[in-house]
Amino acid sequence: MDLKTTNMNKTISRRRLIVCAWIGAAVVVIGELIVGSFAFLWPRKTQGKGEKIFVAGKVRDFKVGEVIYFRKEKTFIKKLEGGFLAFSAVCPHLNCVVTWNEMLKKFECPCHGAKFDPNGEVIEGPPPRPLDLYKLQIVDEKLVVDTASPMVRKNFDPSQIVKG
Amino acid sequence: MKKGILQRISDSAVWRSIFRTGIPDTDLKRSMLIFNNFFLHIFPAKMKRHGLCFSFTFCLGGISCLLFIILTVTGILLMFLYTPSIERAYFDMQALALLFNGKILRNLHRWSAHGMVATVFFHMVRVFYTRSYRPPREFNWVVGIGLLVLTLALSYTGYLLPWDQLAYWGITVGTTIMTYTPFLGSYIRFFMLGADEVGHEALLRFYVLHCVVLPFFTGLLMAIHFWRVRKDGGISGPL
């Protein structure tokens, strides 16, 4: 094979080079526009990684068996014999807010009819897991709840109860 | 013979500059009338006999298009009186009842939206059962799927705008369903809502999608859809 044909195989024509350059430029520009648009529209609010703490009240103010709802924080505080549980009121099915039915002693979700027992376990309905728990601490005889990161659980376990 | 007033108008330079075809007294001129008119050109110049047969199409595509036009007109009127903010949205929606024709406009918009979902669905069923999706119309079926998705998306984004309990929890549930998407789930929800929960950002995003973005793409796909109907052999009937 002589030199000329090998050169012919390796080089590209001027026309082809310019076409490739145009296509490459177009891909870069359009890609920038698409990525830039998404970056522009991406929410500035960062997901709450820090602590969201609120004080639910004094330990001695809760009666055994009582369930108190904190509307703004979407939290239920339940007083048991041994201590406290802090439930997230957000239904683990599709994020509706459940209510406490004092007559039937159940948590009920208005959206898809889910029912939870007083320990947050699913009695009926579609939720895949029990109500999530929030971190609860007793500081200076007061209940301090951190709603930043709900604890996902498979089922109720007496060890989840915070003594107090 | 002396020319009548109508004859003179239709022969005048101004008239002829707007409507190129004169009095449509021949078949050619009748065809040209349709052909040269912007609003009429989506219709065929010549109609096949079976194209007029009601039970071939039940006019479902046409009704869907009509409902879309009603929705556009009433939607634009409603936009003048609605503020997409969580402080005002619900009250603006309620205040429509106090205005002349306010209630009827809102209800026209609402019922037309419900109706359009139904007619688009029935249109699809009709196309399916008459096997009208087969070549050469197969691409138009795909465009139709796009229009179905856009219709549903328009309905869904409009659902949040009254900012009542139904809207709030409807969007909470719907966007939580999005989180079940593999890998990207929670990001999609976060991007759609603009925040972790349904709030002001979500209302604004849904408003812009509902009023600008989705209608634009629906109009574009409708234009392609109608053009393809004509190019693929006209409405209804065997090829």
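How many residues does the contact take from chain B and from chain A? The contact, meaning heavy atoms within 4.5 Å, takes 17 residues from chain B and 17 residues from chain A. This is a predicted model, in which local features need pLDDT of at least 70 and side-chain atom pairs count only at pLDDT 80 or more, while totals for chains, interfaces and linings use all residues. Residues are numbered from 1 along each chain as its sequence is written, chains are lettered from A in the order in which they are written, and side-chain values use heavy atoms, with hydrogens and water left out.

**View 1. Area buried between chain B and chain A.** The two chains bury about 1400 Å² between them, 65% of it on carbon and sulfur atoms, where buried area is the accessible area (1.4 Å probe) lost on putting the two parts together, summed over both. In chain B, Trp169(B), Phe190(B) and Phe191(B) lose the most area to chain A, together 38% of what that side buries.

**View 2. The salt bridge between Glu197(B) and Lys74(A).** The side chains of these residues meet at 3.2 Å, N to O, and the rule (a side-chain nitrogen of Lys or Arg within 4 Å of a carboxyl oxygen of Asp or Glu) finds one salt bridge across the interface.

View 3. Leaving aside neighbours within four places in sequence, Thr74(B) is in contact with Leu105(B), Leu108(B) and His109(B).
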